[in-house]
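User: I have just opened this one and have not looked at it before. Can you walk me through it?

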Amino acid sequence: MLTDRLPLALDAGAVPDGATAVAVFGPVAGQDLSPLGPERAHVVQGFRPDHDWFRAAGYRTDVAPQDSYDAAIVCVPRSKDAARGAIAEALTRTKGGPVLVDGQKDDGIESLLKECRAACTLEGSLSKAHGKLFWITGTAPEAWRAKAMPDAVEGGFVTTAGVFSADGIDPASRLLEAALPRKLPKRVVDLGAGWGYLSRAILERDGVAALHLVEADHVSLDCARRNVTDARAVFHWDDATAFGPAGGYDAVVTNPPFHRGRAPDPAIGRSFIEAAARMLTPGGRLWFVANRHLPYEKAAAELFAEVNEIAGDTAFKVIEASKPRRIRR
Ligand SMILES: C[S@@+](CC[C@H](N)C(=O)[O-])C[C@H]1O[C@@H](n2cnc3c(N)ncnc32)[C@H](O)[C@@H]1O
């Protein structure tokens, strides 16, 4: 983790002594930036729960970088194209570095080091806690920035490197879309709306008066704004698990996440189902899709009086749940 490597990098002089403004791209909740401190670190984080965590810890936070910095740190995301794009951005904003690049071995940090060594000047590197932190100066190849720009995929949808299913429509979402009834109720929520595939399909159904797209990732929501231009769409950059008034909606549609970073974590999907149960009216309905092996029926049965699998294949199942139980919390 960056927490383990940052103090060593600072001791090694990776950030110049006089640096007063250091951008930190993509740190996740729990990472310790105190060696830089809130006076020097500017957190650039578009994922709402992580963004809010650093803000609550006293850091200046934004979803996009400001004009310039003395140095930058890039916490590498899962997508290689997004990582290269962030490094290119950081080199530009620091006018050539230094840019510190940090990641675990299973984030592909070794291969990024090779690429950065070939394209820029490697100033130093260190290994600790199953990962690496290296620092570079120079200019990134133009292609790194270009491949991280929004682009059109199948169906004319716009996506960007690093968002869920950036290369095209997710097969589970496609299955869920096909299983939705022709007519939907008035007030619908797409929880974890991503770049808007399900949302656009929901708005093509009869009966929908308003669709709320709730998405924690700012870049994904920006894509959704481009993909869903219907005036009935309302966009929320928000944490789905804390969204909305209780009992405020007639239907929830979701393909919930089941990863936190690289690690599978079915608890997130469960928290989406809980959030749906809370935000639905007594007659409300939830439709969701999940990998067949994920044990969500149990959670659904605790939270809804009626739970049925309405579609599926060997990989995924689509569940319809109705009559949310009012569970006191
Ligand atoms: C499996 S993807 C589905 C995306 C989109 N609905 C689709 O079908 O293509 C789950 C989405 O949930 C978002 N997400 C993850 N955690 C979230 C949270 N706590 N609140 C809101 N959205 C979240 C992810 O960024 C991702 O876009």
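User: What covers the buried residues of α8?
Analyst: This is a predicted model. In it, the cover over the buried residues of α8 includes β9 (158-159), α7 (197-204), β11 (210-215) and β12 (233-237).

User: Which residues of α8 are the buried ones?
Analyst: They are V219, S220, L221, D222, C223, A224 and N227.

User: OK, zooming out. How many helices and strands does the protein chain have?
Analyst: There are 10 helices and 18 strands in the protein chain. Its radius of gyration is 21 Å, close to the 20 Å that the globule rule gives for 329 residues, so the chain is as compact as a globular protein of that length.

User: What does the C-alpha trace span along its principal axes?
Analyst: About 60 × 40 × 35 Å.

User: And what share of the residues is buried?
Analyst: Buried residues account for 46% of the 329 residues. As for contacts between residues at least 6 apart in sequence, 60% of them join residues at least 24 apart.

User: Which residues make the contact?
Analyst: From α9 they are G269, R270, I273, E274 and A277; from α10 they are Y296, A299, A300 and L303. By type, the contact of α9 with α10 has 6 nonpolar residues, 1 polar and 2 charged.

User: Why might residues three or four places apart in a helix point the same way?
Analyst: An α-helix has 3.6 residues a turn, so residues at that spacing point the same way.

User: Last one. Where is D313 found?
Analyst: D313 sits in the loop between β17 (304-312) and β18 (316-324).

User: Is D313 buried or exposed?
Analyst: Exposed, because D313 has 11 C-beta neighbours inside 10 Å, and the cut-off for exposed is 12 or fewer.

Definitions and conventions
Residues numbered from 1 in each chain as written. Predicted model: local features only at pLDDT ≥ 70, side-chain atom pairs only at ≥ 80, totals over all residues. Contact = placed C-beta atoms within 7 Å. Helix = DSSP H or I, 4+ residues; strand = E, 2+ residues; numbered from the N terminus. Nonpolar A, V, L, I, M, F, W, Y, C, P; charged D, E, K, R; others polar. Rg over C-alpha atoms; globule rule 2.2 N^0.38 Å. Buried ≥ 20, exposed ≤ 12 C-beta atoms within 10 Å, placed from the backbone.
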